[in-house]
Every structure is written in C-alpha cells, then in structure tokens.
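Please keep the sequence and the model at hand while reading.

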Amino acid sequence: MGQRNCPVCESGHSDFIKRITMKAPGNYRLPETYDVASCKLCGMVYADTNASMEDYDWYYSHCNFYGDDSKYDNAGRYGMVEGLLGQFCKKDSVMLNIGAGNGRFEADLKENGYQDVMGIDPSAESVRKLKEAGLKSRVGNIYSAVPEEEKHKYDCVFLFEVAEHLLEPGKGIGNVKEFLKEDGVFMVSVPDYSCIKQSSNIAIPNYFNLEHINYFSETSLDNLMGRYGMCKVCQKREGEDLIHCYKNTDAPGELQKDYKTKEAVCGYFDARQGHAGRAAQIIEGLKRSQKEVVIWGTGSYMMALAASTSLMDCQIVGFIDNNKIKQGREIYGIPVYAPEFLAGSDAVALICSMLNSEDIKRQIEGMHIGNDFIIL
C-alpha cells in the first residue's frame, strides 16, 4: 500500500520501482522524496507522493516559471497540431487552452486565423503577460470550478504537457467535459514513458522530478480518459510526445493493462546508473579545491545533484539562469543572476542543464570571457 492511489484506476496496490530524491527550495512546499511505483491492477506508472492538492496549488501559483517569454518553449506546438486542427476545428471555433504558460501557442493560433482563444493558467504572472500581449486569459487551473458562462462553451479544449503534472487527473477531466460542447474535441499531449529507455542518455530529472508525477503511455492515457467516457478519435506522435484527440461518449471504456511502461522505466533507470558517477567526481573535486563556482541552471537537474552529491559544499558565489522570472530571486539563500554576472567573476561555470547544455556552452563562448566551464 502506498501514499497515493493509482491516478488512473484508483487502486491502492502498487509495486515499488525507485526512490527519487531532490533538494527542493523551502518555498516550493513539495516533498523532496517520492517513490516511482506501478499499479498492480492497470500497470500505470506514477509518483507515489504524499504531496497534497494544496501543496501543488501553492507551487503552481507561486513557483511557476513557465511564463518567461524569453524562452522558446512551445514554439513548435502549433506545427505539431496543425493537421489535427484542420480536421476537427474551424477558424471560428471557440477554443480553451488549460495551462497557457507563456502564451506562445495562443499567439500562434491567432496568427493563423483562430481568433476566439482563451488561456487559463494558475500563475498570475503568466496571465498578466498574456494580457499584455493582447491574449484573452484568466487565472485558474484544471481543478477550478467551471464558470457558469463557460459551461459547454468550447469547440476545442487543449491540455498540452499538463496531465503528467496532475495529482488528481480524473477530477480535471470532469471539468474538461463541462467546458466542452456536446460535439467538442479534447486534445491532450503527454510524454510517452513506454518509450523512455530510448532516452537513457538524458538525466533522470528530465522525466522524474518535482512536477512530473504521472508517467503515461498510449494505453494508460486511454484508460484514464475511458474511465470518464472520453473516446479517442485520433492520435499522432511527435518525437516522444503523444497527442490524442478525444470526444465525449459518456460510455466508460474497457480497462486495458499497460505491460510496457514499467519495463521501459526500469530499463531507463538501469541504463542511467553509470552516468551519475562522473558528475559526482567533478563536484567532489571542486569541493576539495574550494574554487569559486557559479552554477548555471536552477532546475530539477541541479536539485537532484544537490541532494545526491556534495554540490552544496562547493564555494558557490551565485546561480545563473536564462529564465528572466528566476533572475533576482534566491535559491537556497544564494542569488540567481542573469548571464552577465559571469563576466564580472573569475568563477568556474558549472553547467547543470539536462537539455540545453550545448546551447549554454555556445552562449558562454559567445560572451568572450575567460571563465572555465564544465558541463555536468
């Protein structure tokens, strides 16, 4: 018996796979440790966390960094779904995007002729920026009560890269059904964890971090939607992402056991075992030398290293992050700076990024400064 029931079938019986530990800043209000588990009944793989709905509400309202418009997150999302939009939507369709973030997708929709688009996001900062950009938006999340004037209003509801974050996804799907018109379409995208072993060169926190708590596959996503009477009418795959389209039937689907994802996740963890040692050795050397260090990156990878290595015993003079929302804040009581800070320091730049380390390397080289840098 775990702390959290299966988010798909609500069974309380699971198998332990791996413990994940991160050093989370105190203001995040999320537990630093959880177990990756698989449901004995349906095979869903998920985070068996003791975090509450209130904990996640706080985190996504106060520690949400997705509104940074300097990032290129979601830049290709419109292209990913353009064909599906042509199949299920018209230019005058009434649309809702749940988890709007930096609003790039809404802006792309408008630029391509879809004018009636509403975005909702739990971060007031994100919503402020959306409104400044002339995009319709309001503060809210997938669990918020559906306003009376928005019930059964939308021809299309989007939920992109959100479902993997939801503590109670079924409750959210119930709200989506209230938003949708009778013949409306629900488009949802998630990473496909049944293919994760192919990504064994990418650090664990990219997939298993403080935010990602549901590890879907085609089967488990259909199982979740089927429980709430949502029937898949179309799907496509874009890299590691699944994009499924559902319509409401009110007829529960038949539960199919997912046998692939647990095997894939276990294989991924096994393949990652040898990678952590190199980073730990580099960090131990910096600790012993007590050279001044600037850590470039404040995300999940850094938090995992802070928990599993002697990173916090190094002579850290600051953090750097390209995300403008993070700049000027503190993490573990240490300031977060813009990249220009490095130019005024002799510190070694320790690059802690799962996906963008080569880009950061080129950025440092382009600054034409003499600082040494190390990619972890």
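Two strands count as paired if DSSP finds at least two bridges between them. Helices (H or I, at least four residues) and strands (E, at least two) are DSSP runs, numbered from the N terminus. The model is predicted: local features need pLDDT of at least 70, side-chain atom pairs count only at pLDDT 80 or more, and totals for chains, interfaces and linings use all residues. Residues are numbered from 1 along each chain as its sequence is written, and side-chain values use heavy atoms, with hydrogens and water left out.

**The four-stranded sheet**

- Four strands form an open sheet in the order β1-β2-β3-β9, with antiparallel pairing.
- The edges are β1 (14-21) and β9 (214-215), each of which pairs on one side only.
- Helix α7 (residues 260-272) packs on this sheet and touches β1, β2, β3 and β9; the direction of α7 makes about 35° with that of β1. Axes here are lines fitted to C-alpha atoms, for helices over the stretch in contact, and angles run from 0 to 180 degrees between N-to-C directions.
- Strands β2 (residues 33-39) and β3 (residues 45-48) run antiparallel and are joined by four bridges.
- Within that pair, Ser-38 stands opposite Val-45, and Ala-37 has Tyr-46 as its bridge partner in β3.
- The hairpin of β2 and β3 has five residues between the strands. In its turn, Gly-43 has a positive phi of about 85°.
- Two bridges pair β3 with β9 in the antiparallel sense, and Tyr-46 has Asn-214 in β9 as a bridge partner.

**Strand β11 and its partners**

- Six of the eight residues of strand β11 (residues 241-248) are buried, so the strand is mostly covered; buried means under 20% relative accessible area, exposed over 50%, and partly exposed in between (1.4 Å probe, protein chains only).
- Strand β8 (residues 180-191) runs antiparallel to β11, with six bridges joining the two. The bridge partner of Phe-186 in β11 is Tyr-246.
- Strand β10 (residues 230-238) is also antiparallel to β11, joined by eight bridges. Here Gln-235 stands opposite His-244 in β11.
- Two residues lie between the strands in the hairpin of β10 and β11, where Gly-239 takes a positive phi near 65°.

**Helices**

- The axes of helix α2 (residues 77-88) and helix α3 (residues 104-111) come within 10 Å and cross at roughly 50°.
- The two helices are therefore oblique to each other. Angles under 35 degrees count as roughly parallel, over 145 as roughly antiparallel, 65 to 115 as roughly perpendicular and the rest as oblique.
- Arg-77, Tyr-78, Val-81 and Leu-85 in α2 meet Phe-105, Asp-108 and Leu-109 in α3. Contact means heavy atoms within 4.5 Å.
- Helix α5 (residues 169-179) is mostly covered, with eight of its 11 residues buried. Among them are Pro-169, Ile-173, Val-176, Lys-177 and Phe-179.
- Arg-272 is in helix α7 and is buried, at 11% relative accessibility.
- Beyond its neighbours within four places in sequence, Arg-272 is in contact with Ser-200, Asn-201, Ile-202, Ala-203 and Ile-204. The C-alpha atoms of Arg-272 and Ile-204 are 7.4 Å apart, although the two are 68 residues apart in sequence.

**Cysteines**

- A search of the whole structure finds zero disulfides, a disulfide being a pair of cysteine sulfur atoms within 2.5 Å.
- Cys-9 is buried, with a relative accessible area of 14%. Its closest cysteine sulfur is that of Cys-39, at 3.5 Å, which is too far for a bond.
- Cys-352 is buried as well, at 4% relative accessibility. Its sulfur is 9.6 Å from the closest cysteine sulfur, in Cys-314, again too far for a bond.

- His-152 has a positive phi of about 55° although it is not a glycine. This residue lies in the loop between β6 (136-139) and β7 (154-160) and is partly exposed, at 49% relative accessibility.
- His-368 also has a positive phi, near 55°, and is a residue other than glycine. His-368 is in the loop between α10 (357-367) and β17 (373-375) and is exposed, with a relative accessible area of 72%.
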